[in-house]
Amino acid sequence: MFFNSNLKFLFKTIDKKAFCLKNGLAYRTFQDIYSGITKDPRMSFLIQLSKGLSISIDDLIFKDLSSES
């Protein structure tokens, strides 16, 4: 699974705090997931995250997005 590496890759150039505000995500929750503190995020969070990124949840979790650039 590529979820953590995809998050790091996708948010290299995106302001995390602004993204969370724009997409209705709790920044603290995002930070916990991004840093690895939260290892199993809720599906509702994944849905909002994938919508904000305009990517499917399957691609976010199972596809190595860094190799597609």
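The protein has a mean pLDDT of 95, and 99% of its residues reach 70 or more; the model is a predicted one. Confidence is lowest in helix α1, where the mean is 95, and highest in helix α2 (residues 16-23), where the mean is 97.

**Packing of α1 against α3**

- Two packed helices are described by the angle between their axes and by the distance between those axes.
- For helix α1 (residues 3-10) and helix α3 (residues 27-35), the axes come within 9 Å and cross at roughly 115 degrees.
- On the α1 side the contact is made by F3, N4, L7 and K8, which meet F30, I33, Y34 and S35 on the α3 side.

- Side chains of opposite charge can pair when their charged atoms come close.
- A search of the whole structure finds one salt bridge, and the side chains that meet in a salt bridge are those of D32 and R28, with a distance of 3.6 Å from N to O.
- Both D32 and R28 belong to helix α3, where they lie four residues apart, or about one turn of the helix.
- The two partners can be described by their accessibility: D32 counts as buried because its relative accessibility is 16%, under the 20% limit, whereas R28 is exposed because its relative accessible area of 60% is over 50%.

- N6 lies in helix α1 and counts as buried, with a relative accessibility of 0%.
- The side chain of N6 reaches two backbone oxygens, that of L60 at 2.8 Å and that of K63 at 2.6 Å.
- When neighbours within four places in sequence are left aside, the residues in contact with N6 are D59, L60, K63, D64, L65 and S66.
- F9 also has its place in helix α1, and at 25% relative accessibility F9 counts as partly exposed.
- Between F9 and K63 there are 54 residues of separation in sequence, while their C-alpha atoms are 12 Å apart in space.

- N23 is found in helix α2 and, with a relative accessibility of 18%, counts as buried.
- Apart from neighbours within four places in sequence, N23 is in contact with Q48 and G52.
- G52 lies in helix α4 and counts as partly exposed, at 26% relative accessibility.
- With neighbours within four places in sequence again set aside, G52 is in contact with F19 and N23.
- G52 and C20 are 32 residues apart in sequence, and the distance between them in space is 8.7 Å from C-alpha to C-alpha.

- K39 lies in the loop between α3 and α4 (43-53), and K39 is exposed, with a relative accessible area of 73%.
- A polar atom of the K39 side chain lies 2.8 Å from the backbone oxygen of G36.
- Along the chain K39 and G52 are 13 residues apart, and their C-alpha atoms are separated by 20 Å.
- S54 lies in the loop between α4 and α5 (57-62), and at 69% relative accessibility S54 counts as exposed.
- Although S54 is not a glycine, its phi is positive, at about 55 degrees.

**Reading the model with care**

- Where pLDDT is low, the predicted coordinates should not be read in detail.
- For this protein, 99% of the residues reach a pLDDT of 70 or more, and even in α1, where confidence is lowest, the mean is 95.

Definitions and conventions. Residues numbered from 1 in each chain as written. Predicted model: local features only at pLDDT ≥ 70, side-chain atom pairs only at ≥ 80, totals over all residues. Heavy atoms only, no water. Axes fitted to C-alpha atoms, helices over the stretch in contact; angles between N-to-C directions. Helix = DSSP H or I, 4+ residues; strand = E, 2+ residues; numbered from the N terminus. Contact = heavy atoms within 4.5 Å. Salt bridge = Lys/Arg side-chain N within 4 Å of Asp/Glu carboxyl O. Buried < 20%, exposed > 50% of the residue type's maximum accessible area, 1.4 Å probe, protein only. Polar contact = N/O pair within 3.5 Å; in protein donor to acceptor, adjacent residues only side chain to side chain. pLDDT = per-residue confidence, 0-100.
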